[in-house]
Amino acid sequence: MADEKMTQNEVVDAKQAAKELQELHRLEQVRLEKLQELQAAGRDPFEIVTYDQTEHSADIKDNYEQYEGKDVSVAGRMMQKRVMGKASFCNVLDLKGNIQVYVARDSIGEDPYKDFKKMDIGDIIGVHGKVFKTKTGEISIHAEKVELLTKSMKPLPEKFHGLTDTDARYRQRYLDLIMNQESRETFIKRSRIISAIRRYLDGQGFMEVETPMLVANAGGAAARPFETHYNALNEDVKLRISLELYLKRLIVGGLERVYEIGRVFRNEGLDTRHNPEFTLMELYQAYTDYNGMMDLTENMFRYVAQEVNGTAMVNYNGTEIDLGKPFERITMIDAVKKYTGIDWNEVPDTEAAKKIADEKDVHYEPHHKKGDILNLLFDEFCEDKMIQPTFVMDHPIEISPLTKKKPDDPDYVQRFELYIYGREMCNAYSELNDPIDQRERFKAQDALSEAGDEEAQHTDEDFLNALNIGMPPTGGIGYGIDRLVMLLTDSPAIRDVILFPTMKSIKTGSEGNGVSSEASEEEAAAPADPFAAPAKPIDFSKVEIEPLFKDFVDFETFSKSDFRAVKVLECEAVPKSKKLLKFVLDDGTDEKRVILSGIHAFYEPEQLIGKTLIAITNLPPRSMMGMESNGMLLSALHKEEGEEKLNLLMVDPHIPAGAKLY
């Protein structure tokens, strides 16, 4: 009966979808006919090239006393419309907000009023009239002239406002900006943040410069680069992963204070804090060290917050963060001792460090040394404790190939990272300017690369040549603009602050951002339907499945497993792990459930947010990478031409979180 009922529901859903699609096509046809009527009358809106927009909505509302009774001209998208006989109201959305417009037949004329009544929600219009307040006290414009400037050929999605389908928002950002004022404000604030950074650095005597994006040797960070081919030179090149090595060349050349704000590209996974292309700010200052960089960073973050938000207090995800107080400063060794009780100064060598990692269940690679293990322990047990702004100083030399050693302890370097809300926000050094030492560090990185480390750097001979010419003592800073914007706009994910984030392509239709020319926007923006039939038939003759178990399990034992529907609230890659994804799940209780699953080879995190999965919820907690995994997500494995394939078990989203499977 359950199967029959589900089939009936699917039929109903399919009929409803077909009906909605038919209605959408009908509305589009009506709009096309309106455009053709205008064109036939010689009033094609697409031939209009300018409009004298004198004010924006927020300026009028914020300064009503100045504008009352005065003529203004505003332009924007019509978002609401109420036609009431001889007088109507509409709402116009522009860059800064929206404003109500009163349109009366006696004020604009009988024929223009007929034209106004034919305009559609989504049309872009220009309104000229006088500012006044309605009887209810709403600041409005009494229209004297309304012009159609652009005809919208598709209806706006009615349910877009408050839409939880983040995939659709990211793919069609133009709709997100139209329908969600919060999103629009985030990106306006992003622009102001970048302007404030520039103002601060310009005021400190820094010069903004530009360096190459296509490079022969992508260095300056531990990251895997994207590679491409330059046809004109018949050479393989890489997209830069950092700005560092070219900016340091400029310090060698005598430009004492330089900075760049630009895109960098790292061939890594996607999650709430990582996008493969992101905006980086790097600066270098001659004749200072990492202590000077700490002072500069603290003052810069405080200045930007004050300029953009009007206060140094930041509310992020319900937590008050004070950028106005002096930032805490602690060494990495002291942080590990504080949160684990381990005194790293008492750890004699790599073998002893690995033994501690084994005891703490911290995963490490065979080539890792004592300093690498210290960093892993910090990541596992300390990073998430750094809620208020904290400089973590004096990193091990193994993870810092471009940094000056501490003169009194050469196993560690003059480096710091700034942490806020448990997240790395900034990375800075006393820059290594010894060309002999730098060559040895590059050799060690080359050895790591040969051992299979795809994120290791490579020897850069031209950079070494620059160091041999002579680079003065220098301090440097690098931080991701996107993470700073997340903090100052209270945004949970990096994709919320990148206008066009990287998305997995939708295979149907044209390329670009995944909107098919043969499908409606709603269809194109919708996430993949796990119940839909595959676009192409699958050749199951090439599929191998594991043999069925022959041993029986008694029913009572099997029934003790608690299978539940769970909703994916968050999903992100586990740092330092190439396989694990961390899921935060709604299991129908008041507590969020965390499950770790080794499926990163088959899924990127953003594909799974919002999906409904099946989990076994009564398994004992299992420690993985220093975290507890509370359950197991169900998936289906098979082999295809010798290659392992995996599919998570996804179910109808109508099934509520916590629903028990029988």
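Select Lys-360 and Phe-381. The charged end of Lys-360 sits over the ring of Phe-381, 5.7 Å from its centre. Keep in mind that this is a predicted model.

**Aromatic pairs**

Next, colour the aromatic rings. How many aromatic pairs are there? The count comes to ten. Zoom in on Tyr-102 and Phe-132, an edge-to-face pair with 6.3 Å from centre to centre and 65° between the planes. Tyr-102 belongs to strand E3 (residues 97-104) and Phe-132 to strand E4 (residues 124-133), so this pair ties together parts that are 30 residues apart in sequence. Tyr-102 is partly exposed, at 22% relative accessible area. Phe-132 is partly exposed too, at 24%. Phe-89, Tyr-102 and Phe-132 make up one aromatic cluster.

Move on to Phe-391 and Phe-416. Their ring centres are 4.9 Å apart and their planes stand at 75°, so this pair is edge-to-face. Phe-391 is in strand E15 (residues 390-393) and Phe-416 is in strand E18 (residues 415-420), so the pair links distant parts of the chain, 25 residues apart.

Check its backbone: phi of Tyr-421 is near 55°, a positive value in a residue other than glycine.

**Helix H16 and what follows**

Select residues 481-489, which are helix H16. Nine of the nine residues of H16 are buried, so the helix is largely enclosed by the rest of the structure. Show the side chains. Among the buried residues of H16 are Asp-482 and Arg-483, along with Ile-481, Leu-484 and Val-485. The list also includes Met-486, Leu-487, Leu-488 and Thr-489.

Step on to Asp-490. Just after H16, Asp-490 takes a positive phi of about 55°. Asp-490 is found in the loop between H16 and helix H17 (521-525). With 38% relative accessibility, Asp-490 counts as partly exposed.

**A three-stranded sheet**

Switch to cartoon view and select E7, E8 and E9. These three strands form an open sheet in the order E7-E9-E8, with antiparallel pairing. Strand E7 (214-215) and strand E8 (227-230) stand at the edges with a single partner strand each, so one side of each has no neighbour in the sheet. Look between E8 and strand E9 (residues 235-239): four bridges join these antiparallel strands. Which residue stands opposite His-229? Asp-236 in E9 does.

**A hairpin to finish**

Last stop: select residues 635-640 and 643-648. The former are strand E29, the latter strand E30, and they pair in the antiparallel sense over six bridges. Pick His-638 and look across to E30, where its bridge partner is Lys-645. E29 and E30 form a hairpin with two residues between them.

Note on methods. Residues numbered from 1 in each chain as written. Predicted model: local features only at pLDDT ≥ 70, side-chain atom pairs only at ≥ 80, totals over all residues. Heavy atoms only, no water. Pairing = 2+ DSSP bridges. Phe/Tyr/Trp six-rings, centres within 6.5 Å; stacked < 30°, edge-to-face > 60°. Buried < 20%, exposed > 50% of the residue type's maximum accessible area, 1.4 Å probe, protein only. Lys NZ or Arg CZ within 6 Å of the ring centre and 35° of its normal.
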